[in-house]
Each structure stands twice: as structure tokens, then as C-alpha cells.
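User: I am new to this structure. Please take me through it in short steps.

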Amino acid sequence: MQAKKEVILKGVGVSPGIALCEAQLISFRTEKAVQREIAAEEVPGEIARFEDALITTHDQIKHIQKQVAEVLGDEHASIFDAHILVVDDRTFIEDVIRTVKKDLINVEPVLQAVANRYADMLSKVEDSYLSERAADIRDVTKRIMANLAGESLDQMKKIKKPCIVVAHDLSPSDTANIDRTMVKAFVTDLGSATSHTAIMAKALEVPAVVGLHNVTAVVDSGDEILLDGARGHVYINPTPERIEEYRKRAQDQVQILQELDTLRDKPPETLDGYLVPITANIELMEELDAVGARGAKGIGLFRTEFLFLSGSSLPDEDEQAEAYSKAAQGQYPSPVVIRTLDLGADKLPSGFQAPDEMNPFLGDRAIRLCLSRPELFKTQLRAILRASAYDNVQIMYPMVSCVQEVIDANALLCECMDELDKEGIPFNKDIQIGTMIEVPSAALIADILAPHVSFFSLGTNDLIQYTMAVDRGNENVSHLYKPTHMAIIRLIDHVVKVSHEHGLWTSVCGQMAANPQLVPLLVGIGVDELSVSPSLAPMVKDVVRKLYYSDAVELAQKALVSSSAECVEELCHAMIKKIAPELLEFSE
Ligand code: PEP
Ligand code: MG
């Protein structure tokens, strides 16, 4: 048989590593149902298959509804009542069964046709309640179709042989369900460098390339894929020469990383003795061991929402307190910054239906969602306070955009403290409170926020998205997403200066901190701490240790009076080329 021709694609490398394995195409989209004629005696079996799928679908929706009620309250869970009504609607069901009997064809195309007819009819009605039911019918039909095919919507859990997952898109919770022993890497059509799926890939240390636009159209399951997760190169059915070239590259990369491992116990100190603490960003409990193993000290960002995204049931106060205490104990006495829930937009518990918002990233998410659901928020605040019996625990609020949010969150925290006091449960009354600076309005009122907190943490992933009006997960506009844009570095400089004037410290926990080329710039601006994915901590430490603080300050001064992102990029590139050229192997 003739070897298949090599196809080369270029996307965004979001998690380093070179992988070579068979492709496994995962489709979360409902394909058009294939029509098959059936004999009269097959009809009862076909109807039984349909009824089974309806029961499974009903149970799945009930299960999701219960979970959502526990985390987000009954109001959000009631969205699923409409789904239950669809799956239990006898008129709809009988319509499908009647057609199967009459036309003698399998149930899938009949179901699709009947559902489309109902949905089209409803969407034309001039009544917003009824027209919204059209979307419910389409959603439920998709789920019934998946159950008819005997496939679960979370196909990730079912992968049983080593492969590279190829998907149109993966949500952070799909990614959290990856079996690392089987999934050697993944590639997707959609996505960009700071999407939460990319963050998850780094957390899991699974090489990944996203934003490939059409990889699902080009690859067939079983094709061989070679990918370089640092540079974003993907080769489908690579030539023997290509495989050989990358075998050598993989060896080089492993060697560089092994050398970086020797830095583990060395201090993150510049050549002229300036200390830049490096802490870790963690999403999963399994990452805790990697923090120290990769030479980070403490946790600068615990993205707690991932405790809610992975796993099938939702953590209650005890479970959360146990998780936070485990992190605090493991890192003691280094600090552990626990960020309160940043749920919403693309980070939704499995099966949770987002509130119908035009712009979910500007909608009811993070601190807004927590403040509007005090019972959910207080459960978490109590759990964090309980863990603060280890006095290295600190607390941080995400996506703050005005001072009232911090005042309200602190008031709820005080309520929780009073309750725990009365219950005789120990906690740290002087717990340090910080806020993320990831919305431009927060950066610009840093002086007004400062009296209410002890520290700031710059979430540059969102700060760039919201300052530049560029969706951080959208590959079509990723060329506009520029960490070195003058607006961004001016905002960072402003926040750092204001924080120091008020006796506060400022860290950077966005992806910028983990980019070796940008580390000297951030250090030179005066950032007090860098918090990065454990797997990237060795590279960041390497840069810090090869840098003169005085050079970093000079670089920052030049950058801050530059006229474009490209000029700043050039300055940063020249610096890294001078001090740590081997790290360029891991970037473009
Ligand atoms: C950020 O926005 O930079 C950040 C660290 O938060 P997240 O990536 O979880 O939105
Ligand atoms: Mg953020």
C-alpha cells in the first residue's frame, strides 16, 4: 500500500513536548444520521432502543440538574426542567414511533426530522418563551442521538489505546477528563494560547497544539501524527526523514530540560542578587507534587474552579477544606494563594447550561457569580478559612472590576469568620486578602482597591483580552492578542508602582510570567513574584538566574518608552538570545 502523503499544519503550540502517535478523532458534534431501511419484525427492537435512549437521557439530565442545583442553586438548575419536559413529551415521542412504524426506517433520521420540525415550528412563534424551547429540543435531541449511538458525551473517558486526540474544540472539563496514560497529546481546530483548555494541557503536561482551523477535516482516525507542542507544528503521516529530525529534537529538548532540573533547589535570584520568588499555578490536586519537584516554592494561584469541573460530583465544604488544607500543609510555610471560584464563560461544571447571555465573558462569572450566589460563595470562603488554620493560606478574588465587589466579598468573609468563631472552628483571623487585576478598570483604580487588600495578582490572560477587546480563546483574532502591547505594559507598570506606594506586593500569574522572553521585562518593571505552571517553572528560574537585575530595569525603561508591541518584542527577544539562547528551542 502506498504511504499517505505528509500534510503539514501550523497552529498555536500551547503545551511543550514532542509526540508521535496514532490519531483518534473525537466528535462532539451530531453528525447527520444515516438512514437505514428496517424489516417489520425489527420495529419493536428499534422502538425499544429508542425508549432505552430516552430513559438514559432522562437520567443524565436529572443527574446534571442535581449537580447544578448544588453548585449554582435551584434557579440555574431549573433550566433543565424544560429539557426534562422534552424528553418526557409523549406527543413528540409518539410522533417518532409512528413514523418508524410507517416508513420502516431506523429511529435516528426519524428523530432528527421530527425534532427539526418541532424546533422550526417553535422558533417561528412570536413568543420568546416558546421560541426558546426550540433550542431545548435541539439540545435534548443531540443527547438522545449520542445515547442511541451508545456513546457518552464525554468520549474522553472512553479512550482505551494510546493516541493523539484530534477534536474541533475541547472544553476545560473535557480536557480535565483526559486519561494521561492513553492521550499522548491533543490537537484542535479552535483555541489559542491562553484559553483555559491550553492552561489545562500545561497542567496535565500533555503536549498540545490548538487553533489549527481545519485539523479535524484533514485527519482520519488511525493516521499517524507528529507534533511539536512548543512550536505549534503538526505533521500528519510524517515522512521517515521528518520522524528522524524530530527524534533528534526531542533528544535535545530532553537534555535541556534535564539540565534545568538541576536548578530545582537553587534560589530564583539574579546574577546581581535580586530575588524573584517563583510560585506555581495549579488547577488539579495531582499537580501538588510537581510544585516543589519543579523548583517552585508555594502556590501563587490555585484555580479552585477546576475542583468543580473535574470529577462527577461537586465538592462540599468539607471536601474543599480538605483539598485546600492539603495544599497548605504540603507547601508550608511557603504561601498558598487560593483564588475563589472563577466559574462561568468557558469554565462550567460538566453539563451545566450557561445562562443565556450574549457575551458570557462579560457576563455573570467569577466574583459576580459568587456575590450573586452567597450560599455557594460562603461554602467556599468557610472552607478556605478552615484551611487557613495553616497560616500560609491567602485568599484572592477573581475578575474584580470595581471596589464594591471587594468590599462585599470581604463582608461575606467577615460573616464566615463570625460563624466559625461561634462554632469554635480555628482559622487565621489575619488571613491576607488579595485581588486579581485582570480587568482594565481594576488596574486603573489600583489605588482605590489597595486599602482593602494586601496584594495584587496580575491576571494578564484576561487583562490582555479585556484591554484589547480580543477574545483570548479565538484563533481568528489571536494575531491581535499581544502581551507586549504598550497598553498592557503601561497598565502592569502602573499597578506595580501603585502597589508599592501602598506597601502592597504584586505578582503576575497570567501566562506572560511563564514566557521566558517576557520574564526580564516583568522583573525590570518591578513585579514581586512570578506564578507559573509547575512544568514551566524551571525555564523561568533559569532566565532569572542568568539575568542582571540592572539589565532588566534598563530593558523595562526602554520598553516603556517604545512605540509598538513589535519594538518591545525585539528588545525582549534580543535579551533572551543573549542570556539563554537554548530556550529559544521551545518557542518560535
Ligand atoms: C488570568 O486571567 O491571567 C488568570 C491567571 O486567570 P485565568 O487564566 O484562570 O482566567
Ligand atoms: Mg483570569
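**Strands, helices and a metal site**

User: How many bridges join strand β9 to strand β16?
Analyst: Strand β9 covers residues 278-282 and strand β16 covers residues 529-532. Helices (H or I, at least four residues) and strands (E, at least two) are DSSP runs, numbered from the N terminus. The two strands run parallel, and the bridges between them number three.

User: What pLDDT do local features need here?
Analyst: Residues are numbered from 1 along each chain as its sequence is written, chains are lettered from A and ligands numbered from 1 in the order written, and side-chain values use heavy atoms, without hydrogens and water. The model is predicted: totals for chains, interfaces and linings use all residues, side-chain atom pairs count only at pLDDT 80 or more, and local features need pLDDT of at least 70.

User: Which residue in β16 is the bridge partner of I278?
Analyst: Strands of a sheet pair through backbone hydrogen bonds, either parallel or antiparallel. Two strands count as paired if DSSP finds at least two bridges between them. β9 and β16 have three. In β16, I278 has as its partner L530.

User: What average twist separates one strand from the next in the closed barrel?
Analyst: The barrel has eight strands, in the order β9-β10-β11-β12-β13-β14-β15-β16. Their pairing is parallel. Axes are lines fitted to C-alpha atoms, for helices over the stretch in contact, with angles from 0 to 180 degrees between N-to-C directions. From one strand to the next, the twist averages 25 degrees.

User: Which strands does helix α15 touch?
Analyst: Helix α15 spans residues 374-387 and packs on the sheet. Its direction makes about 155 degrees with that of β12. Contact means heavy atoms within 4.5 Å. The strands touched are β11 and β12.

User: Which strands stand at the edges of the open sheet?
Analyst: The open sheet has eight strands with mixed pairing, ordered β1-β8-β7-β3-β4-β5-β6-β2. Each edge strand has a single partner, so one of its sides is left without a neighbour in the sheet. Those edge strands are β1 and β2.

User: Which residue in β6 is the bridge partner of F186?
Analyst: Two bridges join β5 (residues 183-188) to β6 (residues 208-210). The two strands run parallel. The partner of F186 is A208.

User: What angle does helix α8 make with β2?
Analyst: Helix α8 covers residues 196-204. It packs on the sheet, touching β2, β5 and β6. Its direction and that of β2 make about 45 degrees.

User: Is T188 buried or exposed?
Analyst: T188 is found in strand β5. Its contacts beyond four places in sequence include A167, H168, V209 and V210. Buried means under 20% relative accessible area, exposed over 50%, partly exposed in between (1.4 Å probe, protein chains only). At 1% relative accessibility, T188 counts as buried.

User: Which residues coordinate the magnesium ion?
Analyst: Donors are N, O and S atoms within 2.8 Å of the metal (3.2 Å for Na, K and Ca); water is not among the atoms, so sites may look incomplete. Here the distances are 2.0 to 2.1 Å. The coordinating residues are E438 and D462.

User: How many residues apart in sequence are the parts tied together by this pair?
Analyst: E438 lies in the loop between β13 and α17, whereas D462 lies in helix α19. E438 is buried, at 2% relative accessible area. D462 is buried too, at 2%. The parts that the pair ties together are apart by 24 residues.

User: Which residue is joined to Y332 by a cis peptide bond?
Analyst: Omega of this bond is about 5 degrees. The residue asked for has its place in the loop between α13 and β11. It is P333.
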